[in-house]
Amino acid sequence: MSEPGAELFPLFLKLRDRAVLLVGGGPVATAKAGALAEAGARVTVVAPQLTDALAALAGARGWTVCQRGFVASDVEGMWLAIAAATSPVNRAVADAAEARQLFLVAVDDPASASAYGAGIVRKAGVTVAISTSGQAPALAGLLREGLEAVLPDDLNDWVEQAARQRAAWRADGTPMADRRPRLLAALNELYRQRNRPLSSEDAVAAGGRVTLVGAGPGDADLLTRRGAERLGQADIVFYDALSSETMRTLAPEARWFYVGKRACRQSIAQDTLNRLLIKEASRGRRVVRLKAGDPFVFGRGGEEALALAHAGIPCEVVPGVSSAVAAAALAGIPVTHRGVSSAFTVVSGHHQAVYRPVLEGVPRTGSTIVVLMGLRHRAAIAGHLLQLGWRGETPAAVVLGAATPAASRFVSTLAALAAAGASDDTGDEDFGRPGVLVIGEAVGVAAEIERAYAAAAAPDAAEKGTR
Ligand SMILES: C[S@@+](CC[C@H](N)C(=O)[O-])C[C@H]1O[C@@H](n2cnc3c(N)ncnc32)[C@H](O)[C@@H]1O
């Protein structure tokens, strides 16, 4: 059996000065009109109702606009027909086109179509067309964006080099078998010259530098203004929290690379990442390393800054809003509160060996503990605190996906957390979002704030409730 789609014969049509029929007057037809205008076709538009943009084409050179319904004779003399109307109209156009052996592109109507439009990537004289046999135009759009991102910016140099090579092969009669390796060698040389690392002074003179930018807990609104500015100047961005995707619009021209965790594993080793940062900045590029929260709070930003310093690459740090305090704050919990908590301890809950000694040094009252990367060990952590003499009723909150659309929190007690968590000790991933544990009397302030609001909104009810 042949590959699905194999019976589609791909073609690029030269439409300049050729007659094309466009049936339909809505936004889809308007978009097709734009593409046909670019191709230089002579277009006849037929539709009872037209968008303003289509109606305005009435006087344009090479355009005929007929504000009426389709009639079969409209296909006469056409090289191609495009239907972007209702299904019955598309069907009528298809019948008329078929009878005259004319290809018809029926937009979003594969049953009526004898040809499909393609998702197009066009860069430096190279055109890539994508088809899903009319089945999934949205997927074609996504693939188009993906291809656009991977095609090199200097593609026109590739095209010029390939054209020069072709002329040379013809002149010296290069055998077919030798052409491909020669072209590859020529393109590699182009790439080598372009990407030759500069000396660290030249790299700096060319603007090469790395900025470690704290992205905040999630929402782009919580990125600092300086962070946004550095993103706007970046040539390349290495990011590790998927929530940073929302910041893409701040650096639309930059190339973005995800270097965060996939399925719980760092997708790229820290050493490799350090080398990448150095390599890119050594080419004179402005590199942004966008890190969740603050770059220096459990973000390995310090290691990156050190590696860059050893390589003589300038490194700037733009602090970020750390989830260590922001997650609690966004859940209404102040990590310090006069008379309740006068200190807070931030600890990684990743390994017992790390968090146990830290927890042992925390006063049992009057302070707050914030555990990052600790959801997996929440039961063990709560149990350990109970053993250390913390009260079972001490409030404890789990704050998930703070500053993201999936934000949530639940408040419990140390005793309940120790008991419940013991049976479902399955890790951060069981919530599908990053989260922090906040433990201490200050957690109760969030509920107090909520009660105060409720009382302010309905003073009588609140009074009755307290009687
Ligand atoms: C590798 S640490 C990075 C911390 C980051 N540098 C910071 O300052 O927020 C990742 C941990 O941060 C916490 N975290 C990060 N973003 C969060 C968010 N939006 N909501 C709750 N916790 C978050 C979670 O505990 C997660 O396991």
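This is a predicted model: local features need pLDDT of at least 70, side-chain atom pairs count only at pLDDT 80 or more; totals for chains, interfaces and linings use all residues.

User: Fine. What order do the strands take in the open sheet, and is the pairing parallel or antiparallel?

Analyst: The order is 10-9-13-8-14, five strands in an open sheet. The pairing is parallel.

User: Which strands stand at the edges?

Analyst: Strand 10 (255-258) and strand 14 (315-318). Each has a single partner strand, so one side of each is left without a neighbour in the sheet. On average, neighbouring strands here are turned by 20° against each other, direction ignored.

User: How many bridges join strand 8 to strand 14?

Analyst: Four, and the two strands run parallel. Strand 8 covers residues 209-214. Within that pair, L212 stands opposite V317 of strand 14.

User: Which strands does helix 8 lie across?

Analyst: Strand 8, strand 9 (236-239), strand 13 (286-291) and strand 14. Helix 8 spans residues 225-233 and runs at about 140° to strand 8.

User: Switching topic. At what angle do helix 9 and helix 10 pack?

Analyst: About 50°, with their axes 10 Å apart. That makes helix 9 oblique to helix 10. The crossing is right-handed.

User: Which residues make the contact?

Analyst: From helix 9 (residues 270-282), Q270, N274, L277 and I278. From helix 10 (residues 301-310), E303, E304, A307 and L308.

Key. Residues are numbered from 1 along each chain as its sequence is written. Two strands pair if DSSP finds at least two bridges between them. Axes are lines fitted to C-alpha atoms, for helices over the stretch in contact, and angles run from 0 to 180 degrees between N-to-C directions. Two residues are in contact if their C-beta atoms, placed from the backbone, lie within 7 Å. Angles under 35 degrees count as roughly parallel, over 145 as roughly antiparallel, 65 to 115 as roughly perpendicular and the rest as oblique. A crossing is left-handed if the near helix is turned anticlockwise from the far one by less than a right angle, and right-handed if clockwise.
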